[in-house]
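Subject: Structure for you to look at

Hello,

Here is the structure I said I would pass on. Please open it first, then read the notes below with it on your screen.

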Amino acid sequence: MSKGKTAPTISIKNRKAEFEYFLLTKYSAGLVLTGTEIKSIRTGKANIQDAYCSFINAELWVHNMHVSEYANGSYNNHETKRDRKLLLNKREIKKLLIKLNERGLTIIPTLLYINENGYAKLDIALARGKKKYDKRESIKEKDNRLHYEH
């Protein structure tokens, strides 16, 4: 990129996350991606709605994150829903491992974005699932907010 030009900001949000879960602690993690994946994310062709995170051999991985194939990728293209490794420091990984052993907690992606250095980052949250009545409360709050804004 030449000086003076700013790249369009890419941020792909998981809208379902705040409705389905109580978000307790948030972390920002790097992603291990291939060349065609980062190009596809930079064009905004990714989806984290159904994605979730889990530990494999004390490493954090994101599953079910859909990154569309890159249009000019030819035979070098990536799998659209492959598992991708997340990069956090050891202290954060240990904290998450301990917390994940508590009943009812899970790790979900909330936001996929490109930072100012051009790296793809994934905001993840330690979350507890909402019960049906909690979801009804969320809908009521949202309706009230919309009602008072207009």
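A nonpolar core is a set of buried Ala, Val, Leu, Ile, Met, Phe, Trp, Tyr and Cys residues joined through side-chain atoms within 4.5 Å. Keep in mind that this is a predicted model.

The core. With that term in hand, the largest nonpolar core has 28 residues, and those touching the most other members are Leu-60, Leu-86, Leu-96, Leu-112 and Ile-124. At least two residues of this core come from each of strand 2 (21-31), helix 2, strand 4 (52-56), strand 5 (59-63), helix 3 (90-100), strand 8 and strand 9. Apart from neighbours within four places in sequence, Leu-112 is in contact with Ile-10, Ser-11, Ile-12, Leu-31, Ile-41, Ala-46, Ile-48, Met-65, Lys-121 and Leu-122.

The overall layout. The protein has four helices and nine strands, and along the sequence they come in the pattern β-α-β-α-β-β-β-β-β-α-β-β-α. Of the 150 residues, 33% are buried. Among contacts with a separation of 6 or more, 65% are between residues 24 or more positions apart. The exposed surface comes to about 10,200 Å², with 49% of it supplied by carbon and sulfur atoms.

Helix 2 and its surroundings. Helix 2 covers residues 35-42, and its buried residues are Thr-36, Glu-37, Ile-38, Ser-40 and Ile-41. These pack against strand 3 (46-47), strand 6 (66-67), strand 7 (84-87), strand 8 (105-114) and strand 9 (120-129). Just after the helix, Gly-44 has a positive phi of about 85°.

Gly-44 is also among the contacts of Ile-10, together with Ile-41, Arg-42, Leu-112, Tyr-113 and Ile-114, once neighbours within four places in sequence are left aside. Ile-10 sits in the segment before strand 1 (11-13). Is Ile-10 buried or exposed? Its relative accessibility is 14%, and buried means under 20%, so Ile-10 counts as buried. Ile-10 and Arg-42 are 32 residues apart along the chain, yet their C-alpha atoms are separated by 6.6 Å.

Thr-110. This residue lies in strand 8. Thr-110 has a relative accessible area of 10% and is therefore buried. Not counting residues up to four places away in sequence, Thr-110 touches Ile-12, Lys-13, Asn-14, Ala-17, Leu-23, Ile-48, Asp-123, Ile-124 and Ala-125.

Two asparagines in loops. Asn-57 is in the loop between strand 4 and strand 5, and has a positive phi of about 55° although it is not a glycine. Asn-57 has 72% relative accessibility, so it counts as exposed. Asn-64 is in the loop between strand 5 and strand 6; its phi is also positive, near 70°. At a relative accessible area of 29%, Asn-64 is partly exposed.

The largest pocket. Which residues line the largest pocket? They are Lys-13, Asn-14, Arg-15, Glu-18, Phe-19, Lys-130, Ser-138, Ile-139, Glu-141, Lys-142 and Arg-145. The pocket holds about 370 Å³ of space. Helix 1 (15-20) and helix 4 (132-149) each supply at least two of the lining residues, and helix 4 gives the most, with five. By class, the lining has seven charged, two polar and two nonpolar residues.

Regards

How values were computed:
Residues numbered from 1 in each chain as written. Predicted model: local features only at pLDDT ≥ 70, side-chain atom pairs only at ≥ 80, totals over all residues. Heavy atoms only, no water. Buried < 20%, exposed > 50% of the residue type's maximum accessible area, 1.4 Å probe, protein only. Contact = heavy atoms within 4.5 Å. Areas by Shrake-Rupley, 256 points an atom, 1.4 Å probe, with all protein chains shown as cover. 1 Å grid on protein atoms, 1.4 Å probe; cavity = no way out; pocket = protein on both sides within 12 Å on 5 of 7 lines; lining within 4 Å. Points joined across faces, edges and corners; volume = space filled by probe spheres on them. Nonpolar A, V, L, I, M, F, W, Y, C, P; charged D, E, K, R; others polar.
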